[in-house]
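Subject: Handing over the two-chain model

Hi there,

I am passing this structure on to you, and I hope you enjoy looking through it.

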Amino acid sequence: LAPWVPVVGLEIHAQISSNSKLFSGSKVRFAAPPNSLVSFFDASLPGTLPVLNRRCVEAAVMTGLALNCSINKKSLFDRKHYFYADLPAGYQITQQRVPIAVNGSLSYSLCIDNKMSQMVTKTVRIKQIQLEQDSGKSLHDDSRSQTLVDLNRAGVGLMEVVMEPDMCCGEEAAAAVRELQLILQTLGSSQAVMAEGQLRVDANVSVHHPGEPYGVRTEVKNINSIRFLAKAIDYEIQRQIEELENGGTILNETRAFDSKLGCTVPMRDKEGKQDYRFMPEPNLPPLILYDAKSLPANMNHQQVINIDWIHERLPDLPSVKRKKLVEQYGILPEHSFTLLNEDGLAEFFESVVKQTQMKPKKVIGWILKDLLSYLKQHSLTVKESPVSSFLLADLLNLLEKKEISSTAAKQVLAELWKGEGKTSLEIVKEQKLELLQDQKELEQICQAVIDGHKNEVIMMVLG
Amino acid sequence: QKVSVEVLEHLEHLALVDFRDAEGVERLQKAIQFADQLHEVNTDGVEPMDSVLEDRWCLYLREDNVTEGNCTKELLENAREKVEEYFVAPPGNIPLPKLEERETFLEGS
């Protein structure tokens, strides 16, 4: 049987972290009474016009720069037409002809065979990033055969990040999306929380034989977590392979991922190819961005966006932070991945290192094995940890000064988790966990043990 | 050049417009002919124009402040039907009935 090459591309919509919407002054907020965060423009009432939010443009520029894109100094807005109850205008304002950023790349890491010690770096090309409006939310009430529409989300700014089909499986896609999520959160351009719909991923999947042209692709939607993303893609790859090996064909269709059943199903309401009748948005002129060289002399600062100014102020991206952690503390690359993968863990680690004499290479074990596993067991975030960095550092100091053994330290830690407000020293004294340093006292104890077990001693001496 | 029935159906589906009768279709064809006159102009090597104002048409950038919203009651006044501050819509897009099913079937087409 000839091998199959799966091809995976992604379209990711990230909600921009801003106070107000892309083209109107209504508030951006996840949970709010229905239709309370809606302006006349968002509801598409006649006579209203779009006014571009500066912060949204800056967010898109930051993201484009972080993803190594070329920023288009002139980009355009277009209308994409389709009818749906949660799109009151009947069109979405997007950037189809000339988006704000193009031709970037994203590097991400994968563990080979699930071993964290063997990590490989991969790259996926970023085709483009475009600014566009989000739609409202539809709640389907099948029992009463109606749809309830909440426009709170209508008009919120989105960055659509298009990743070229450089990935080959669910694991790669998941790793790429995870890294993008961390980058967006580091930049602050999006909080990228999938559970709150701030990061939505659609996967384009196809399979072909090596050397042959790409196969027909399907689009998979309705994926609500990174874990499900990997599952959905792997399922779809398998489904397509089985279909083709059984002599069937793949339809160029849109499918939804059913997380309960773990499979993809054709989506209704998406029959036939859509014709969006793109046209330039007549109410918005081109978006012009500047850099240090092209900065106009006489323009109001508030009206000017300087790409170089934004570039200079980009924070350290996750890949840079990891490298610095490895260099500064001598920890392994896979450790740096885990540190950055948990919100607040890297900061906790650095805080402990500052407060203890124990070497970072030893501290990391306590952070990644003891602290992290405890937090995971109890579904706590680092911020919710009953053991503060101060308490942990204090404990590690006792260990470092050889006042207690490693085993005793684990015992003390178990006690500290209870969060009863005791210090390590108090627990050590309570449970008599002090290491004996007195040679004479040690000899006395050993002799007592030997005296008390004369038979066993004879057996041991005889071998 | 006539507009085929397939194109007509496609347009009606996209725009949710009912061309109603032969006269409506004729008007559509005349409109297309009128717009086709644009093709008579040679635009080879000419950059598309966004506006006659050219670069004097500046895109205004708004500060990221909350200045609107909070008018649920007013917005819902426009709704024919509402349920607890939600707009009510049919369960999915209602497709335009096929040409044959309509009262205004194109006669003599």
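Below is what I found where the parts touch.

A word on conventions first. This is a predicted model, in which local features need pLDDT of at least 70 and side-chain atom pairs count only at pLDDT 80 or more, while totals for chains, interfaces and linings use all residues. Residues are numbered from 1 along each chain as its sequence is written, chains are lettered from A and ligands numbered from 1 in the order in which they are written, and side-chain values use heavy atoms, with hydrogens and water left out.

**Between the chains**

Chain A brings 52 residues to the contact and chain B brings 36 (contact means heavy atoms within 4.5 Å). Together they bury about 3800 Å², with 57% of it on carbon and sulfur atoms; buried area is the accessible area, with a 1.4 Å probe, that two parts lose on being put together, summed over both.

There is 1 salt bridge between chain B and chain A, a salt bridge being a side-chain nitrogen of Lys or Arg within 4 Å of a carboxyl oxygen of Asp or Glu. K74(A) and D50(B) form it, with their closest N and O atoms 3.5 Å apart. The elements that give two or more residues to chain B's side are α1 (5–15), β1 (61–62), α3 (72–76) and β3 (86–89). Helices (H or I, at least four residues) and strands (E, at least two) are DSSP runs, numbered from the N terminus. The largest share, 4 residues, comes from β3(B).

β3(B) also pairs with strand β10 (residues 146–150) of chain A, in the antiparallel sense over 3 bridges (strands pair if DSSP finds at least two bridges between them). In this pairing, V88(B) has L148(A) opposite.

**Within chain A**

The domain assignment gives chain A domain 1 (5–290) and domain 2 (318–431); such bounds come from an automatic or database assignment. Their centres, taken over C-alpha atoms, are 38 Å apart. In the contact between them, 9 residues of domain 1 meet 9 residues of domain 2, and about 770 Å² is buried.

Here too the count is 1 salt bridge, in which E179(A) and R322(A) meet at 2.8 Å, N to O. On the domain 1 side, β8 (115–133) and α2 (170–187) of chain A each give two or more residues, and α2(A) gives the most, with 5 residues.

Best wishes
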